[in-house]
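Subject: Structure handover

Hello,

Here is the structure I said I would pass on. My notes on it follow below.

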Amino acid sequence: MNKSYNEHGDSALLKRLRELEAVELQSGKPQVGWIDRRTPIELIEAAGEMPIRLFPSNIHNEKLPGAVRSDACSFCSTLASAFDVNHFPHLSAILTGSTCDQMRRMCEEVARTTTIPMRLISLPRTYRRSIDSYFLNQIDSTWHWIAEVLGVPVSEDSLAEAVETRNRLRVWVSELRREGWLSTRELHALAGSVLNATGLLKLMDETIQTPEDRSGSIRLALLGAVVGAPVLDIIEQSGGVVVYDGTNQGDSLFVEPASPQDTPIRMLYNYYGMESLEPARRPVMPALYYLKKSALSYGASGVILINPTHCHPWGLSAKIIKEFIGLPFLHLEEEYGSLAISRLSTRIGAFTEMLSMKRTGNDNR
Amino acid sequence: MNPRERWSLLLIDELPDRPPVWPLVTSFSASVAGIDIERYCRDPEALATSQIKAQQLFGHEALAVFTHVGVIAEAFGSNYIYQAGGLPELNKPVLESAANGRSLRVPDPAVDGVLPAYIEAMRLLYEQAGDRLPVFGFIPCPFTTAAGLRGINDLLTDLLLDPELIHKILGLATEGAIKLADAAMRAGALPVLVDPLASGSVISPEAFRTFALPYTKRIIDHLHRYDLDVTLHICGDTSRMLDAIIETGADLFSFDKIEPEQIIHKTGNYIRLVGNIPPHCLLESSKIDIGEATDKLARSGILSPKGFVISTGCEVPLHCSPEKLHTMINRGKQALYPQRSA
Amino acid sequence: MTTDNQDYSPRQIDWQQWHQKYLDLPPGLIEETYYFRHLGKHNWSRYLFPPSTFVPYGQKLLRELRFDNSEAALRLWGFTLSEWERIYRARQNGMKVIALMGDIGALAPLVYSFPGTVAFYPDCLWWTPFMMQSWELFDEAQSAGLGEDCCFVRAALGGFRREVWFPRPDLVIATTGATCDDLAAVIAGIENLGHNIHYFELPRRSNIADRYQTGSDEDLIEFLAGEFQKTAESLATVTGTEFDEKRLRNSIVKSNRLRDTLDRLRVMNASSVLPPIGALEMIFADFSALSSYGDPDEAIRVIEELYNEVASRTSFGMGYPNRDVRLVWATPPADPSLLCQVEAMGCRIVGSEYLINQSRPLLETGSDPFTALAKGLLNGSLMGSSNYRADLIIREVENNFADGVVISGIYGSSHCPWETGLIVKALRSRNIPVVSIDVSPPGRKREQAQSLNRLKAFCEMLSAKKSAKATRSFERVPHAEESAL
């Protein structure tokens with residue numbers, strides 16, 4: 001079946017996803033918020049809770065939370081102010097993995113302004129060759145903490161099932177992405193969905209359609225922390241298509257796990273603690289190699305990196321990422337929550353036009 | 001690596017990426033800036049502006065404050081004539097009569113002669129560029145100053161006939177030099193002691209040992225108390241006084257009419273060397289010859305154990321061809337040390 | 001105090017005055033003051049030189065600072081300012097050069113347990129643009145992608161790229177985790193420069209709402225002890241010397257001697273009636289606890305001499321007059337002239353939280369040395385929450401009877417935007433006056449003037465408050481004649 005879109009530009013998958021999510025949100029199921037891509041979402045799914053990705057996309061950062069200054073990362077400060085205005089009234093708990101210094105300070109700020117139980121899981125910033133019991137215990141104790149906070153039993157079977165299901169989801173999503181069957185817009189929706197992995201697998205089974213022919217579009221890799229839907233709109237309106245998404249809401253959430261482990265906790269540690277490749281970790285080269293390899297294997301002819309203002313892991317790495325990847329590169333820094341749409345349109349438009357001319361020139365040769 | 005960094009490594013016995021390239025661009029900078037020499041000598045802003053403009057144009061690796069060798073003598077009271085198109089010349093030494101010596105007062109760099117302007121020029125250069133470029137303040141050595149106080153002919157005669165008088169004069173000149181060097185240091189400049197009259201082209205090695213070495217050494221000892229690196233510049237032929245020059249304790253020696261291999265062989269383990277493209281080459285030779293001469297100098301210089309600065313044997317002439325100076329500097333910058341210890 | 005005609009009364013003098021005063025020092029004293037004594041006496045290892053020695057080599061800011069007039073202070077200055085040359089001399093004499101990044105004092109005792117090593121912190125290059133009044137290192141960092149959105153520590157990346165400010169290290173030990181993101185960016189920037197880098201994993205303390213803790217997190221201590229052990233293995237490989245526990249214990253003892261002296265110095269400085277030494281001397285003394293400026297034995301001599309000087313002044317009731325307002329300073333000012341400026345406003349710095357808290361407490365000597373180092377590291381200023389840091393500052397205020405707090409932050413850094421407001425709030429909730437400024441980069445005189453205006457207003461307010469309080473106290477005490485009525 002060819003991909004079709006409703007009047008809002010939603011594909012069948014997106015339309016059905018929204019319907020299912022609306023039902024899920026009405027179900028009264030307890031909600032657990034999660035923030036960063038290194039959050040073991042399986043812990044939430046194993047507890048039978050609804051994972052809520054905390055993207056305060058419709059809150060404008062008019063008032064900074066507490067005493068946070070304007071030179072704080074705009075994503076982190078917007079998220080913290082979201083709690084200030086009780087933007088997430090239904091959360092039973094909040095969970096996140098550790099990445100950068102500002103992220104952990106944001107968590108402290110949130111913990112100060114809300115009574116919602118919160119856990120920041122300490123994960124290694126370096127790449128370990130072997131499992132460290134310290135970090136393994138972090139995940140294990142978080143699992144028990146969630147169970148205690150939510151009043152659910154600790155079940156290794158349900159955790160194993162959640163891990164296995166999510167891994168199946170990752171495998172399938174990454175396969176579909178390679179084949180071009182899943183758009184980046186759909187990918188973002190899956191990444192931030194309130195449905196668990198089982199629900200998402202079922203959804204995809206029912207709604208996946210033949211990919212649209214986007215061969216005329218400029219193929220791009222998108223990097224950065226988090227980007228809002230308007231950015232994808234702008235890219236598409238400018239004649240581009242994001243074929244690889246290396247942001248914290250894209251393909252990097254659906255990387256196939258590399259090495260199986262004997263217990264679900266070790267699987268989680270392996271995946272989130274050891275294999276997760278991102279610019280906040282040290283050394284930074286493994287992440288850069290991975291981003292470059294991915295961008296090239298997906299056939300990207302250019303890279304757009306968008307980071308929230310004052311986001312250090314992406315913003316301060318932009319130059320080395322650009323030099324390492326070696327493709328035409330556009331770096332944009334935007335205030336999270338108040339995108340300057342016309343400026344973005346101008347710059348992205350100019351970038352895609354340049355790539356288009358380059359492609360035409362190559363074709364002519 | 002900027003020039004300041006390059007020099008800093010050299011001065012702590014480290015090899016930088018390459019030898020610094022520093023032709024002695026002094027009053028030549030006035031011609032570059034279109035400023036007349038008298039103004040260059042008397043107006044600190046004019047001097048500083050000239051130096052900055054020249055450095056921006058040619059890219060050599062230090063700034064220099066130097067007008068003429070008689071600045072201390074002039075401050076003592078000797079009369080110098082400033083003439084259009086040329087450097088000041090001694091007209092009337094203050095010690096024409098030996099008896100005058102009794103009333104001589106050591107000049108204060110803050111108030112006497114052109115010294116205040118001299119020091120102010122150093123300070124201005126340091127303020128503007130001292131983070132990127134070393135500023136060298138040229139201090140006439142006592143023997144050269146003595147020539148300005150007594151007149152060169154009388155001085156040379158007195159070396160034989162009235163050495164006691166000369167020692168007295170040299171003592172005063174030394175105090176004057178120490179004060180000026182001190183003021184230079186406090187203006188942010190590194191001292192270059194300049195002693196053209198003590199050259200082997202003028203006096204014998206024995207005379208150097210008796211009348212130049214002890215007094216130059218006193219200045220260097222004073223500056224070494226503050227751990228400053230001191231450059232000694234003596235133009236002309238100094239090949240017969242190299243042992244004595246090492247004994248002065250100078251940290252760098254700017255040489256002129258000696259073959260680089262010879263001086264490196266004799267002194268390269270003891271002192272850093274600065275030199276020595278002949279200034280007249282920058283007037284007379286072709287660019288090709290200058291390039292080859294610089295290459296040859298660099299090939300020898302990078303082997304000097306304590307370090308080397310590619311320079312000219314003496315001041316770049318007032319009417320030097322800019323293209324030729326460019327050639328020398330650009331070729332000098334291509335000399336790389338094969339291996340850095342860092 | 002060894003010269004006959006030395007002025008014994010404590011004063012702050014400028015570099016020109018030190019230039020003159022220096023001539024009064026006996027030459028023998030200068031000859032006998034040298035570092036790396038195990039290498040014998042050399043011309044290059046003397047370091048008792050005045051600030052004017054360093055001015056012609058580009059250290060412009062020295063002309064604006066005010067220095068204590070004691071020989072002990074001179075020795076501290078000479079020792080501090082000669083550090084970069086010392087690292088090169090170490091290499092020239094066959095010592096292994098170990099660059100430490102991010103741990104700020106915790107790893108140096110381990111490095112020094114290996115003979116023939118010298119440790120230094122490239123992070124401390126952040127002072128250099130200010131000392132030289134130069135943007136060269138910042139420009140170099142900018143060309144590598146670290147611009148004004150990164151804290152001044154980006155000068156360290158400039159230093160690595162220039163390959164001038166220190167010799168190429170034999171090993172870089174880079175701490176990652178509970179450090180600021182700016183330093184993490186610097187560490188990323190040096191990766192492709194071909195350095196031999198050992199990464200030290202430093203998890204933050206795990207309790208989000210934690211208050212000040214001293215070694216209560218046992219799992220973390222065990223983990224960190226393991227990290228120190230792994231680091232020891234890397235050091236053994238680089239130095240070609242096996243790790244020796246006894247040497248580590250001795251190194252810890254030595255580090256403790258320095259830390260203890262510094263602690264007593266701080267207490268004495270704060271508790272003296274008159275400030276016996278300046279804030280500049282104190283901050284550079286404090287920072288000696290990080291890597292001993294490359295020579296632990298000499299650092300001990302320098303700090304002990306400083307301590308003796310301060311003790312002597314205190315016992316005679318001597319110090320700088322007209323410094324009534326007592327301040328705690330939080331976050332080290334990259335521009336050290338700010339300390340002099342504030343002192344000139346009638347203040348004295350009686351306490352500090354310079355982000356180097358891990359270099360302060362004594363390390364345990366009775367237990368496993370790796371565990372001792374790990375416990376020491378738990379005191380790190382950035383390891384815990386912002387509340388922890390706020391508590392450290394409050395403790396400094398209370399212990400030292402401070403009248404107020406100055407926080408000098410950096411716009412664009414990772415921890416300042418989050419913790420500054422919280423610290424201000426915490427202080428104000430305890431009625432502790434506080435002012436927060438951002439340190440302006442070199443050359444931005446107008447920006448700096450604004451900060452100085454705010455500081456001046458703050459100091460005047462505190463001074464007026466103190467005077468009013470003193471007046472009220474006076475008025476409450478009845479005069480003798482009145483009480484007799």
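Two strands count as paired if DSSP finds at least two bridges between them. With that in mind, please note that the model is a predicted one.

Strand 9 of chain C, residues 404-409, has partners in two other strands. Five bridges link strand 9 of chain C with strand 10 of chain C, residues 434-438, and the two run parallel. Within this pairing, C:V405 lies opposite C:V434. The chain gets from strand 9 of chain C to strand 10 of chain C by way of helix 19 of chain C, residues 416-429, and this β-α-β crossover is right-handed. Another opposite pair in these two strands is C:G409 with C:D438. The other partner is strand 7 of chain C, residues 325-330, which is joined to strand 9 of chain C by four bridges, again in parallel. Here C:L327 is found opposite C:G404.

How many of the six residues of strand 9 of chain C are buried? The count is six of the six, so the strand is largely enclosed by the rest of the structure. In a regular strand, side chains alternate between the two faces of the sheet. In strand 9 of chain C both faces are covered: C:G404, C:V406 and C:S408 are buried on one side, and C:V405, C:I407 and C:G409 are buried on the other. Strand 10 of chain C is mostly covered, with four of its five residues buried.

Next, the contacts between chains. Which of the two pairs of chains that touch has the most contacts? It is the pair of chains A and C. On chain A 45 residues take part in that contact, and on chain C 51 residues do. Together chain A and chain C bury about 4000 Å², of which 54% is on carbon and sulfur atoms. Two salt bridges are counted between chain A and chain C. The side chains of A:R105 and C:E419 form a salt bridge, at 3.5 Å from N to O.

About 3000 Å² is buried between chain B and chain C, 52% of it on carbon and sulfur atoms. There are three salt bridges between chain B and chain C. The side chains of B:E5 and C:R162 meet in a salt bridge, at 2.9 Å from N to O. Chain A and chain B, by contrast, do not touch, and their nearest C-alpha atoms are 21 Å apart.

Last, the cysteines. A disulfide is a covalent bond between the sulfur atoms of two cysteines. The cut-off used is a pair of cysteine sulfur atoms within 2.5 Å. By that rule there are zero disulfides over all chains. B:C41 is in none, as the nearest cysteine sulfur, in B:C314, is 15 Å away. B:C41 is also buried, with a relative accessible area of 4%.

Regards

Methods. Residues are numbered from 1 along each chain as its sequence is written. Chains are lettered from A and ligands numbered from 1 in the order in which they are written. This is a predicted model: local features need pLDDT of at least 70, side-chain atom pairs count only at pLDDT 80 or more; totals for chains, interfaces and linings use all residues. Side-chain values use heavy atoms; hydrogens and water are left out. Buried means under 20% relative accessible area, exposed over 50%, partly exposed in between (1.4 Å probe, protein chains only). A crossover is right-handed if, with the strands pointing away from the viewer, the path from the first strand over the helix to the second runs clockwise. Buried area is the accessible area (1.4 Å probe) that two parts lose on being put together, summed over both. A salt bridge is a side-chain nitrogen of Lys or Arg within 4 Å of a carboxyl oxygen of Asp or Glu. Contact means heavy atoms within 4.5 Å.
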